[in-house]
Amino acid sequence: MALLEIDGLSKEFDGLRALDQVSFATEVGEILGVIGPNGAGKTTLFNLISGIYPATAGEVVFQGRSILGMKSHQISRLGIGRTFQIVRPFQNLDVEMNILVAYGHRFYPDLWNSMGHFRKNEILKEVQGYIERTGLQSYRKQLTKNLPLGIKKRVEIARALALKPRLLLLDEPSGGLRFEESGQLMDLIRTVRDQGISVLLIEHNMQVVMDLCKRIVVLDHGSKIAEGSPEAIRSNPQVIEAYLGKSLRPEEEEG
Amino acid sequence: MPYGFVMISGYLITILITVIVYAMLAHSLNIITGHAGQISLGHAAFFGIGAYTSALLYTGAGFPFWVSVPLAAVVAGIVGALLGIPCLRVRDDFLAITTMGIGFVVEAVFLYIPFFGGAMGIGGINLPGWFGREMSKPEYFLLILIVFILLILLDRRLGRSWIGLAWSSIREDEQAAEAMGVDVVRFKVMAFVLGSSIAGLAGGFYAHFLTFIMPQNFGFGQSIVILCMVVFGGIGTRWGPILGAIILGVLPEISRPIMEYRTLIYGLLLLAMMRFQPGGLLGEESILPKILRWIQYRPSEQG
């Protein structure tokens, strides 16, 4: 059964079609790659799924339930966690507090519950679990503004995991990272998947996408131009064209 | 001699009450601006709404102090929620201008609508009665002090609750907070309502102490004075705004020249703070807390 179904999703910004009739579905327990050149509409797609702005047309169904038109906080409470392309941790809060904010999603809806104390032992123990899963043990009490980019990205993932999500939307997790950091992050994404959380992954680093994903969706100028296995995508002429441009006329190519 | 003593203590108690009302105001603005990160340049409006509500209920409808002042907090809280709605859609500099506008509108309503007494204001608001007599000023001070301590305890409680955590996340990054399941609109309204109702309560106390209120007491200048206290003492800290209110509230009282050049001195102090201690006196990175921490940890290092 599909976890997330996207059907004919479109978004216009003042007449500019950022996303045009995009449809695909993610299965439970898979890492689905979303690739495409800059401006293809990948981040727009994420922002529509996570409810940051409303769609112009189409449908988004999560676990058999339409989530289009829901507020961002409602969608995250339903079990869709996300990270941001340009990291947005809570800069002046330490790593533990960053995770606690997301952990609190189950207390926020009720006034009485939200009056409750957040520094309780059993809660901190669970938060420690997220810290260990993401390898942040040595940064627990550090303000996130002082941490290197690779660690900030881990904090974002830890925070998203504390939502107890069924689906994670990762927006360019390896962007700006050194080779080793990016390798460690890939391992983390794999363990997340192995724990039964599906991942929708936007990525520019082809190595990362080809390694992690069994299936890839390719966007270009807001439309889906291909979907399939890494091998099929690699040899798809439309995809090659989108990335490298149309081949020139033979005489120009020679000259 | 005894007469002189009464004079001094009378003056002292006036300063104490003024300062504690300011401390309550700074504390309430700190909930909106410090904890939830929503700048407000119109906080005196809610101070005024509280003062006028209490004054009108007391002088017009004949409600006793013990009813009119709590109702002042309720009315200020409700108006805070209503006026908070336009503020939810705007951020940062736009929010500053919107709240400033709210401040001007409220002051104008007091000034131009005859029901509120116009420029003449409202008089005849007395100190509360208890045990069949009027409360003395020191007793009144103690009453406000007790209420204020309860409010500080509430603030402490909220600071350790999910509400406090949600406010911190909104202050840091609204969009990321939403993505983490924080209902930003709801928690912002909560901060506006709580901050406004405490300001309204302070207004009620102030009206019954002054016995006479005018629109000018609740204008833009007053909003800025409250904001100065919060920033000077340390925005977002629990004790900073209170310390700021004590220092900036007492300064003009201890010397006449300071009173005359009050705005100038506040302005210069604020400029100096922004340059040298942007976190305020009790800000995390400021000198004062560092010295305190040094004193606290020094003995253990020696021993």
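# Briefing on a predicted two-chain model

Gln63(A) is partly exposed, because 16 other C-beta atoms lie within 10 Å; a residue is buried if 20 or more other C-beta atoms lie within 10 Å of its own, exposed if 12 or fewer, and partly exposed in between, with C-beta atoms placed from the backbone. This is a predicted model, in which local features need pLDDT of at least 70 and side-chain atom pairs count only at pLDDT 80 or more, while totals for chains, interfaces and linings use all residues. Residues are numbered from 1 along each chain as its sequence is written, and chains are lettered from A and ligands numbered from 1 in the order in which they are written.

**Two loop residues of chain A**

- Gln63(A) is found in the loop between E4 and E5 of chain A; helices (H or I, at least four residues) and strands (E, at least two) are DSSP runs, numbered from the N terminus.
- Although Gln63(A) is not a glycine, its phi is positive, at about 50°.
- His221(A) lies in the loop between E9 and E10 of chain A, and this residue too is not a glycine but has a positive phi of about 50°.
- With 15 other C-beta atoms within 10 Å, His221(A) is partly exposed.
- Most residues other than glycine have a negative phi.

**Strands of chain A**

- An open sheet of 4 strands in chain A has the order E2-E1-E4-E5, with antiparallel pairing; two strands pair if DSSP finds at least two bridges between them.
- Strand E2 (16-27) and strand E5 (65-66) of chain A stand at the edges with a single partner strand each, so one side of each has no neighbour in the sheet.
- Strand E4 (residues 57-62) of chain A pairs with E5(A) in the antiparallel sense over 2 bridges, and Val61(A) has Ser66(A) in E5(A) as its bridge partner.
- Strand E9 (residues 215-220) and strand E10 (residues 223-228) of chain A are antiparallel and pair over 5 bridges.
- Asp220(A) stands opposite Ser223(A) in E10(A).
- The hairpin of E9(A) and E10(A) has 2 residues between the strands, and in this hairpin His221(A) takes its positive phi near 50°.

**Overall form of chain B**

- Chain B contains 13 helices and 2 strands.
- Its radius of gyration is 20 Å, close to the 19 Å that the globule rule gives for 303 residues, so chain B is as compact as a globular protein of that length; the radius is taken over C-alpha atoms, and the rule is 2.2 Å times the number of residues to the power 0.38.
- The C-alpha trace of chain B spans about 55 × 50 × 40 Å along its principal axes.
- Of the 303 residues in chain B, 49% are buried.
- Among the contacts in chain B with a separation of 6 or more, 76% join residues 24 or more positions apart; two residues are in contact if their C-beta atoms, placed from the backbone, lie within 7 Å.

**Helices of chain B**

- Helix H4 (residues 92-112) of chain B has 21 residues and reaches 30 Å from its first C-alpha to its last, close to the expected 30 Å.
- The buried residues of H4(B) include Leu95(B), Ile102(B), Val106(B) and Phe110(B), and their cover includes H2, helix H3 (65-88) and helix H9 (220-233) of chain B.

**The largest nonpolar core**

- A nonpolar core is a set of buried Ala, Val, Leu, Ile, Met, Phe, Trp, Tyr and Cys residues joined through C-beta atoms within 7 Å.
- The largest core has 163 residues, and those touching the most other members are Ile99(A), Leu201(A), Leu25(B), Ala26(B), Ala202(B) and Met229(B).
- Helix H8 (residues 184-210) of chain B gives the most to this core, with 14 residues.
- Leaving aside residues up to four places away in sequence, Ala202(B) touches Val21(B), Met24(B), Leu25(B), Ser28(B), Phe47(B) and Gly50(B).

**Where the chains meet**

- The contact takes 29 residues from chain A and 19 residues from chain B.
- H6(B) gives the most to the side of chain B that touches chain A, with 7 residues.

Note on methods. Expected span 1.5 Å × (residues − 1).
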